[in-house]
Structures are given as structure tokens and as C-alpha cells.
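I'd like to walk through a couple of helix pairs and then one annotated span, so let's get the model up on the screen.

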Amino acid sequence: MALTGTGSGDGEDGVGETDVKVCVLDGFSDSAEVRSLFASLPEIHEDTAKIESATERFVVIMDGYQEQPHLLDPHLEWMVTMLLEHIRSEKSPPLLVHLGFKFLYIISKVRGYKIFMQLFPHEVADLQPVLDLLCRQDPKDTETWETRYMLLLWLSMTCLIPFDLSRLDGHLSSDPAQVREPVMDRILAVAKSYLTVSDKSRDAASVLVSKFVTRPDVKQRRLGDFLDWNLTTVSQASDLTMEGTVVLDGTLQSLAQLFKHGKRDDFLQYAPTVLQCLDQRHLPESNQAMLRKLGVKLVQRLGLTFLKPRMAKWRYQRGSRSLAVNLSQSVSSKPMVTSTPDQGEDEDYDIPEEVENVIEQLLVGLKDKETIVRWSAAKGIGRVTGRLPKELADEVVGSVLDCFSFQETDNAWHGGCLALAELGRRGLLLPSRLSDVVPLIIKALTYDEKRGACSVGSNVRDSACYVCWAFARAYEPPELKPFVNQIASALVITALFDRNVNCRKAASAAFQENVGRQGTFPHGIDILTAVDYFAVGNLNNCYLSISVYIAGFPEYTQPMIDHLVAMKVNHWDGAIRELATKALHNLTPKAPEYMAEMVLPQLLPMATGMDLHCRHGAILASAEITHALYKLSSQSNRPVTELLSPDTVDRLRGIHQKISDKKQYRGFGGELMRPAVCVLIEKMSVSKMPFTGDPVISGWQWLIDDSLKSLHLFSSGAKQGIKEAAVAALAALCNEYYQLEPGVADTHMQEVLVSQYIEALKSPEVLTRCGCALALGSLPRFIIRTKLQQIVEGLQLACAFSQKGVGFTESRRDAATALARVCVAVGVDADGSPDCVLCAGNMQQVYSTLLDCMGDYSTDSRGDVGSWVRAAAMTSLMELTLLVATSAPDLLSPDIIKRMMCCLAQQSAEKIDRYRAHAGAVFLGLLHSRTPAVPHIPHQEELLSIFPPDGVSSLNWNAASQAFPHITQLLKLPAYQYHTLLGLSVSVGGLTESTVRFSAQSLFDHLKGIQQDEAALGQFSDTLLRIFKDNLRNDRVSVPLLKMLDQMLANGCFDLFTNEDNHSFAVDLLALCKEEIKRSKDVQKLRSCITVYCGMIQFQGSVRKSVLLQLLMLLCHSFPVIRKATAGQVYEMLLIYDDVVDPAVLDDVMTLLSDTNWESNLETVRTHRNQLCDWLDVPRPTLLAKGPAQ
């Protein structure tokens, strides 16, 4: 199997560069394996597993040739011969025969039965054995349908022998007891029986009928009877039942095959009867798509039977369809007219009246709801029209064109396109009709009909591209020249702006075909390099990048803009509307006058119209175009109003008021209107529109404030978009209209804005808090100056976590983000005022707030929502630190930097991949920053050796396998040990298998290095106990910490301490464990503590007795599941540490632990527990007067 790589698509301007790799086979390279597979069939046919394996392997081999089946042709003969040897051998058991036919079917499926069946031996001697073998088959056996299918195909070939079948009957006996059925009748009976089965044999039976019944001898004796049987079956079967549908399918297939392969003279007399029967059956009304398709197929065959097989002399023919042949001939602009012989027929010969019925049914088929039916009808229209006189054919074309009415459904448009393509391909659509056809195809290329929340029409647009592709091959360039610009523009527009990727690719292919065949498309080659098949796969790229390149060719600029305004700005899909408006922004520099004078006046009435989608798109488009015009005018230092008419400026100003008057900011429509008008406000402000002092400014401010305070009233999908649009609008509005002179704020508006947003930070609605926090963060410097301390205090309160504000996670996140933005906006000055800049007076306050956010581990039904706050705080700390390090590094105290780096180290060691990666990136960003360099980083040199600047680019923090080996090295550094171990505790004792595995492995590797270093191990154990003590009863830390301790004790990490009696680590750990589970009802925590107790038994001295006492007390815990778990753990512990119990009583202890039902009542269990206390020499626990039972 050879792979060939091909590269293509280097555009002249670097547009649309692609590297395409295709997988192409150059031959049947599996020949040897297939031979050995076939040869092994006799040995494996009884072993089901080996049969399945061999079959699957053969299917895999054959499937590799599905796209290039012709490569099998040189090998088909020996493959068929080898398999038929197994099948024909008298020694072959039935299983082997079926297996051989199964393999034959797999080959025929790939190569196609029409070619494959020709390889079957078809001597006279083969007929009888094949027929006998077929008669012996069980039609109801679902395991052997491949055998029956292949035998029917084989019989289809053998029955073509050029002898009268009666010769094969021999001398039929006259004795009634020995009557032998003639071969002809046997074959017919077999064919009829298999036409009504429910498996694929039905298809092969219809092929057999078409070959057998059309034989001269069978036709003469049995054709009429067979058609009678067929029509009777069709009329009696019901398509409402499964059995009836199957019978109808088989009989209709056989009729269609007969009228396809039979001679016209033989079947013409029966055609009216068959057509009448079909009319009475009303197949077009059936619910079964396959029956409707077969009905259409049969009707078109009947139509071809009614009409004489003649080539229409009037048809248009371009010449050879082969590019190679065309290129070898001299180029001629004149179409080649076919020279068909007159055949002695008059052009106006009588057309049977049934043909009208046939064409009518085919036209109805073009409007069917299923594609397969429409496609069959389109081919039928093409075939039948090719035999009609010119005038009648033109009427058919006219009827097809009637499908392109906006009163018709998308199905009719699709069927009409398919029919036009067929007619064009066959030369039956004369050039004189192109003036009628091309406008309809242009409409079809943009057909999009809204249905509910989505639309239909992608299949229509796809088929319209196929029509353009077919026309490129069907007509000479002079014929299409008048329509070239229309078709080229329409195809480019579809290739760039269609929502459906298949339509974009189809349009690209059609454009390419036209460029190659016609050679008249303007800038064809240049455009092809940009709009190639692969480049149009990305919708954003099409709208925002390729469209700008194509608009550089003047023939396409205006049609593209017109299409976006007419079809895409009002599209039902919001994403398409937004992309269209951004595309209009990008296209404005290509035609600024057209945009200002034609497009904007067209959009502005739509911006206040009734249709919601149209209004939304028009507002966004007006804003984007105005902003683009401002950019152009600012290049020549002119105001944008010079490009816009006074009426346009007034209409832009009035959009908000008209929408407000119509109350269109309310309800569902308001979810689209609010962000759209906020974008308008932003773009108008950025474009410096002359609205200073205008009442519209207060209206705009009201909208922004109301949107931020009403976020909780909108649907979840719209909230984020409204919030972001309002915040961006506020920043732009303040910059342009609330600045009396550069750097000086309108004091009234400054006071109003700051006070109302700080007050809203105390709102009971979390989204109001979010919006107002971000609004404060977006305020420009001149507004914040003199109000900084007030804003910082407000945001500090919003960042603070309290049990009362447990649900305000999102507002804490946004407040942390806003705090950094405010500080970045005002800048840093060490000696400045806390009301104006970030300085020594407020530095500690800001950093404390953000560092406190790093400890937000709040959770709700969504999980660890505190991670949002921690991530925002990390980002804010990095921005702030780099800002201060640039302007006033002396403000960064060693204590602040140490606390920040330790918090980042802790986050870098935690369990959630995304936030670990974020923390790692911030940590390394600060560590490696050189301009500016961050001062006072603890252990900076050691950190740079762990994380060298040139090696971290390949470090993937998301991957636990890469991150934890680096993180655990921070345990060697005293400043980072506590926080790193705290983060690792959560990871090692977590639930995610990969995180637990790699974090634990890295931790144990570190401990292995210090296992014999008493001082280092002592420091590590002290840190561990300090973490436990600081997080007592904090289940987020204590439960995973217990799990981590269990793993550490099991891995012998503290073996150095076990040699010393009553080591302080063991004593302190026992005390902390007792305190942790005191009165606890958390089963997971209790289980974890049990395993830690069992691991602590390895310590010597009185601490061992204390541990045993705790375990024995847990044997009488009030929860049966804990009693049972403790007994199991103690049993395993005694197997490992056999020095705990006196050998004399060890067997008794083990027996009692294993045989006792520890889930029975407490009185019984306490007796057994007390017995264990005596054997283990541990004092029996006594019941407290008011305490829980132990």
C-alpha cells in the first residue's frame, strides 16, 4: 500500500496556502495475504473464533479499496477461482461452502455486482448445479443470506447460455408419479420466491429476472404470465405492513429491471397496462421512500419504452467532455452540433398520450420529500426529455422552471436544480433558455427559508452549486459569457458566506470547474488560490480574512457587500449576523463612498424596524461601518461626519430613543437589543461622534446602568454578552463624553458613576455586583483619580469571603479582576496620594485583598467555584506586580513577594489541571521576568535551576506527569515547603487517578532522597504536622491529608522514626488524628483515619498501645460499616506486623477478627472487643456517662 503526498495551493499573496496530503493506493498489495487467507479456509471453517478473525481481516483489507476498486480487477479472476474451488468441491461441508460465498460477497460489495458477476463461470454444465444448490437453500436462514445472494447472481449469468432451455429438460417422463419440472419453470419459481424475501437476495432476484425473462425463449412463453403475476402482486400488496412493503419492493425492482434491459418492441404492448396499474397503486402517496423511488424509476423506464430510442437532433453538444482530448484539439469557439442519423423518423412523430402522464409523475417526483426520490426523478426527466421533439422538450424545461417559485417548498427547489443539472449535462437545455435559468440558479444559491428556530435550504444551495458545475462542462464559453459576472459573484459569495461548510466547499469546487472549463471568470486563478476547497472550511477565516482579499477585485466588491446587507445582516443565526457585521467593517475601506451613501441609509431604517433579527444585525452593522469610516477619516485628520450625511448622523443618534420608546429593551428581544445598542454606543464614542452635551448621552448612560443592574433578569446565555458589551460601552462613553479637557473629568458624572457603582457592590444580586465591579474596573484614569481609595475599599469588601456572601463567587472573581484594572489604569507613584495612584499608602491593602482571594475554596453544586476567584487573583497579581516592578520596585516588600510566590507554589501543586497550569504560568512569568525584574523572590537562584528559562517552554503544566516532578523539588526550599506540601496533600489524596499517581510518585521520590537525613526528615514531618494542625476539621485538606499519610506510612517514608520509642512525630500525629475524628460522622474520614492508625502501629513504645486502643474503640463505633472496616484493616495489619501480638494468642485474635459478625448489635460486638483487649494487653475502654457508645 503506497502513500502519495501532494501539496497544493500556494497563493500569490500568501492567501489560502495549504498543504494537502492524500492517501492513494497504487496497486493491490495484499495479494499474498489474501491467498493464504483463502487457502486456510478449509482448516478453520469449523472454528468460530478463527472464522470471525479471518472474515474481519478480509473485510479490513477489502475496505481499503472502496475508493479505488479498479485496482482489484487484475486479481479478481484468481480470487474467484480459489473460492469457487472450495465451493464446488464435493468434499466441502456446508459450512465451508457458506464461508466461500461470504468471501465472494465481500469482494462483490467492494467491486460492484455488475462487474463481479461477469467472472462467474457460465457454461451449460454450470446451470443445473447452481440451480440445484439454490433450491436446497433455506430462504429463512439469516446466517447464510450471502450464499443465496451470490447464487442468484451466478444463476443470472448461467441463464444467458445461447440455447433453448427446453434442451436441458431431456425426455420428460409421461408417468405422473415421475413428473420433472422444466428448468424454465424452476428458475422462474426461484426468482419469484426470492423477490418477496426480506434480505438482500431480493435485489439479486430482480437482476436474475431482468436477465432470464428477457431471453427469447422465456420471453415468448412466460413474459405475459410473469408480468401478470407481478401486477397482481403489486395491486394486492399493502405498503402499510412490513411484509407488503418487502413484496412491493421486490416486484417493483423486477419491473424496473425488465423495462430497463428488455427490448422496446417486446415490452411496448405491456407498458400501458403497467402504467395504469401504477396509477391505481398511488405510490407517490406511500410513506415508504424506497417504494416512491422505485415507482419513479419504473415510471421513467415506461416513458422510455413509449418513446422511440432516438438521439434528439436538436440537442446542444459542446464536444468531448475529456480535458485531455479538448486540449489536444485546437480551441474552437463554435459549439459542435451532433450529427445523428435521421433514422427515417420525422421530427414531429406522434408522442403517445401516456408520455404526458409519465412526465407529470416525474415532475411530482421532483418535489418529493426524500432526496433519493428527487434524484431518480431528475435523471428520469433528463432521459425522457432526450427523446422528445424540441417543442415538447422546451415545455418540460418550462415545467421544471416552475419548481423555482417562492410558493414551492425547498424540496421542489432542490429537485428543480437536480433536473436542470441533468438537462444541462445531456445538452437538452439549449443556450436560448439560459437567460431564464441563470437568474433562478442565482436565487437558488442563496435560498434560505426560516423554519422555527432554524432554516432549510442548504440542500438547495448545494444542488445549485452542482448546476453551476454541470453548466461549466456543458456549454462553450461564448454561451455563458453574458452571465459570467453573475455566476462568478454568486459562487464566490456562497463559497465565502454560506453557513453550511458543505455548500461553501461545493461552491468552491464549482468555481474551480468554471475557471478551468470556461476560462472567462474574472480573476479566476487569483481567487482560486484563496477560496480553495480547504480554505473555505473555516467560517471565521472566510468572513474576516478571505473576503477582504476577494473584495480587492472590483467586480466582486459591491455584490459581496449587497449580499451581506440583504441576506446575512438579518440572518436567523446570531453568530452569522455578528460575523457579517464584522465583515462589513473590514470591507468598508474597499468601498467607503458606497458604504456611506448607499449601505448606511439602507441599514438605518432596518435598525428601528419590526423584525428582531433584522434590527439586531442592522444596529451592529451601522456601528461597525461608522467605526470603519472613522478610521479612514482619521487617517487624513478629518471628522467622520464629513463622510456621513446629516440625516445619517441624526438617525444614528435616534436609534436608542426609538427602541426605548417602543419598549424593545424588554423581554426576549431586549437580550439582543441591549448588547447591540451597547456596541453602537461604544463605536459612536470611539468614532468621536459630535454628541457632547446631547440628551442622547444620558439615555445611553441609563441603558448601560440599567443593563448592568438588571443582568439577573436575562437568560443565562445572554448575561455574559450583555455584561461585556455594557462594560466596553461605558469605558468608551466616559473617554469621549465625560472629559472636559484632557485628563480632567466632569466632576458631577464622576461622583455619580463612582458612588452608584460602589453602592451596587452591596446588592443582593450577584450579577449586579459582577457588572458594577467590572464597570469600576473599566473606568478611565481621569474618572478614578481622586476616587481611588473609595473604589479600592469598595472592591476590597466585594472580594472578601464571608459565610453570609457564600453565593457571591462570581462577584468576588470580577472584583479581583477589577481591582487590578483600576490600579493599572491609575499607575504607580511611591510618593503619590492613595486617592490618586497606587502608592505606599494603599499597596499593602491591595495586595492583602488579592492574596486573601488566593485562599477562596468555596464550593457549591457546581464544584470548586472558588477556583474562579483564585484564577482571577493570580492574573491580577501578575499584572500588578509587573506594573509596580516597572515603576516603583521599592514598594514591593520581601514579605509581599514571599507570600505571593508561596501562594502561587501552592496553586501549582493542586489537583485541578487547568488552574495548576495557570498558576505555573504566572509563577514562571514572575520568576523569569527581566524587564522588569521582580525583586525579593525567595530562593531565586535555586528556582532558576529547577525551572531554567530555556527549558520551561516544553513544560506542560496540564500534564501531571510533567508538572509534579518539578513542583516537588520546591519541598527542598524552606520558604516554599509548607505551601507546596499543602498543595500536594490535596493532589496525592485526591480522586483523579493520573494526578494521584504522578503526584504521589514525585513526593515519594523526594522523600527517598531525605529518608536517611534526620534533620531534613524532621523538618518535613514538622511541616506536615503543622499543615494538619492548621487545617483540623477542614475536610478539603484533612481527608486527602489522611490518605496521603496512609500512603507515606505504607511506603516506609518514616522508617527512621520507628527506631525511637514514642517519637514525637507519632505522638503528635496520634493526637491530631484523635482530634480530627472526634464526634465525626464522615465515613470517608473515619475510614482514612483507620488506615493511618494501622500504619502507625509500626512506631515503638507506648504510642503503639495508644494506637491499638483507638482501633479497638473503633471496633465498637456506632456505625456498623466502620466496625467492619476496622476489623478488616486490623486483620491485615496483624498479617504485616506480626510482632504486635503475643504469638501464643495470635491465632485466637485472627480467628476472632475474621469470624465475628462486626455488623451485629453493639452488646454482642462489645464482648468480642473486650476479649481482644485482654489478649492484646490493652485496657478495656469504659462507657462515659453522657458520651456516645464506644
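So, at what angle do helix H21 and helix H24 pack, and how far apart are their axes? Keep in mind that this is a predicted model. The angle is about 10°, and the axes sit 10 Å apart, with H21 covering residues 434–445 and H24 covering residues 484–497. Angles under 35 degrees count as roughly parallel, so H21 is roughly parallel to H24.

Who's touching whom? From H21 we have Val 438, Ile 442 and Leu 445, and from H24 we have Gln 486, Ile 487, Ala 490, Leu 491 and Thr 494. Sort the residues of that contact by class and you get six nonpolar, two polar and no charged.

Now for the other pair, H1 and H3. H1 is residues 31–39, H3 is residues 48–63, and they pack at about 150° with axes 11 Å apart. The cut-off on this side is over 145 degrees, so H1 comes out roughly antiparallel to H3. As for handedness, the crossing of H1 past H3 is left-handed.

On the H1 side the contact uses Glu 33, Val 34, Leu 37 and Phe 38, while H3 brings Ala 54, Arg 57, Phe 58 and Ile 61. By class, this H1–H3 contact has six nonpolar residues, no polar ones and two charged.

Last bit, the annotation. UniProt, in an unreviewed entry, lists residues 899–1085 as "domain: Tubulin-folding cofactor D C-terminal". In the model that span is 68% helix and 0% strand, and its end C-alpha atoms lie 31 Å apart.

That's me done.

Terms used. Residues numbered from 1 in each chain as written. Predicted model: local features only at pLDDT ≥ 70, side-chain atom pairs only at ≥ 80, totals over all residues. Heavy atoms only, no water. UniProt positions renumbered as here; feature names shortened; annotations may be inferred. Helix = DSSP H or I, 4+ residues; strand = E, 2+ residues; numbered from the N terminus. Axes fitted to C-alpha atoms, helices over the stretch in contact; angles between N-to-C directions. Parallel < 35°, antiparallel > 145°, perpendicular 65-115°, else oblique. Left-handed = near helix turned anticlockwise from the far one by under 90°. Contact = heavy atoms within 4.5 Å. Nonpolar A, V, L, I, M, F, W, Y, C, P; charged D, E, K, R; others polar.
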